[in-house]
Amino acid sequence: MSYTTTTVEHLPSKEEIINRVSRLRLVGDHEDKVDTQETARPGPKYPQYLPVWDKTKFPDWEEVPYTDPGSRATKDKRNLFSHGSTHRRITPAIGEEIEGVQLSQLTPEGLDDLALLAAERGLLVFRKQDFKDIGPEKQLEIVRHFGRLHIHPVSNHVWVMPLSTLYELNHLKTLHRRYMKPNEVQKISSVSWHADHVAEIQPPGITFFFALEAPPAGGDTIFASATEAYNRLSDEFKKRLEGLLVVHTNKDMLAHSEASGGPVRFSPKETLHPLVRTHSVTGEKILAIHGGHATRIYGYKQEESDYLFNFLLDVLAKGHDFQTRVHYEEGTVAVWDNRTVIHSALYDFKGDERRHVVRIAAMADKPK
């Protein structure tokens, strides 16, 4: 399927966006005042990654054959762990922190090893990376190694590249201001456990998430291992989950964006995916349930579905011994396998702080 021809309803010109960059606020809409004199806040360090929302239309995704790069990897990850590099488990059940490896310098074989390690550990954290400075074309080239790049159905993207390059900026400006004033919002917590875009025929797998600017405290992402969550269930309970399907849909998300005047880049999607899926490389079984696009158990009455949904979500949300969190610094890159973990952003940072981050996700196999 080609995305070389699209219909663009509105896309600001490069000149328009350059003119707006100095005025675009990444946190709040008020001006700072120092000694009663208005003073402009420092602008973003990476203005070329500021978000735009165009209304490009794309043909709906079609299923395509997929070969997981992790299937080509070496068991000892010799192409990933270069001489002098170190790596340690963040917790026994999830996460690996790696030092001495530059993602931008990995060979195709190194990226294969990366895919396998991400599948095994769920989450990989790399510090002091130059990834944010290598430019969009190189960034996209690296993530494209793991599959077709995902286009967000309604969210923003980076203006430096056309949307057809599948580049998304997760800046979430409006949420920044909301959570600086917790008493003004309707939720006690910003936690919203989910996996990304599970309504797709082939949901994202390997995901790169890197920080351009980050607050000194807060703004973390929390992760839970859906693989370990499944392993914690009793054998008898596992038997009762086999063969169950979950209805996933993005209809509400698209309808909300349309009602708000935002983009709707694809037709609404409703899919059936297994409640327990198997990873194509590791063979591990995964508890594939979460908030967001998952709505109900297929064939169950609503009360029955809610009962099972709530219990399984509780397993994941309360499983602190198979959870971890990542704090971002400039140059931090988190890489995770969207099939094996669920996550939530935390909008807990306060004050005049900026969280400027970018996500690029590669689509993987159809869940089985």
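Both faces of β16 are covered: V333, V335 and D337 are buried on one side, A334 and W336 on the other. Buried means under 20% relative accessible area, exposed over 50% and partly exposed in between, with a 1.4 Å probe and protein chains only. In a regular strand, side chains alternate between the two sheet faces. Strands (E, at least two residues) and helices (H or I, at least four) are DSSP runs numbered from the N terminus.

This is a predicted model: local features need pLDDT of at least 70, side-chain atom pairs count only at pLDDT 80 or more, and totals for chains, interfaces and linings use all residues. Residues are numbered from 1 along each chain as its sequence is written, and side-chain values use heavy atoms, with hydrogens and water left out.

**Pairing of β16**

Two strands pair if DSSP finds at least two bridges between them. Strand β6 (residues 123-126) pairs antiparallel with β16 over 4 bridges. Here F126 stands opposite V333. Strand β8 (residues 204-213) also runs antiparallel to β16, joined by 5 bridges. F208 has V335 as its bridge partner in β16.

**Confidence**

pLDDT is the predictor's confidence in each residue, from 0 to 100. The protein chain has a mean of 83, and 81% of its residues reach 70 or more. Over residues 1-39 pLDDT stays under 50, and the model has 67 contacts beyond four places in sequence for them. Contact means heavy atoms within 4.5 Å. Residues 161-182 are also below 50, with 80 contacts beyond near neighbours in sequence.

**Cavities**

A cavity is a set of points, on a 1 Å grid over the protein atoms alone, where a 1.4 Å probe fits but cannot get out; lining residues have an atom within 4 Å of a point. Points are joined across faces, edges and corners, and a volume is the space filled by probe spheres set on them. The model holds 3 cavities of 30 Å³ or more.

| Cavity | Volume | Lining residues by class |
|---|---|---|
| Largest | about 160 Å³ | 12 nonpolar, 4 polar, 2 charged |

Ala, Val, Leu, Ile, Met, Phe, Trp, Tyr, Cys and Pro count as nonpolar, Asp, Glu, Lys and Arg as charged, and the others, Gly among them, as polar.

The largest cavity is lined by 18 residues; V198, R277, A288, H290 and R339 are the closest to its centre. β11 (270-274), β13 (285-287) and β17 (341-345) each give two or more residues to that lining. The second largest cavity is lined by D60, W61, P153, E200, N250, F266, S267 and K269.

Definitions and conventions. 1 Å grid on protein atoms, 1.4 Å probe; cavity = no way out; pocket = protein on both sides within 12 Å on 5 of 7 lines; lining within 4 Å.
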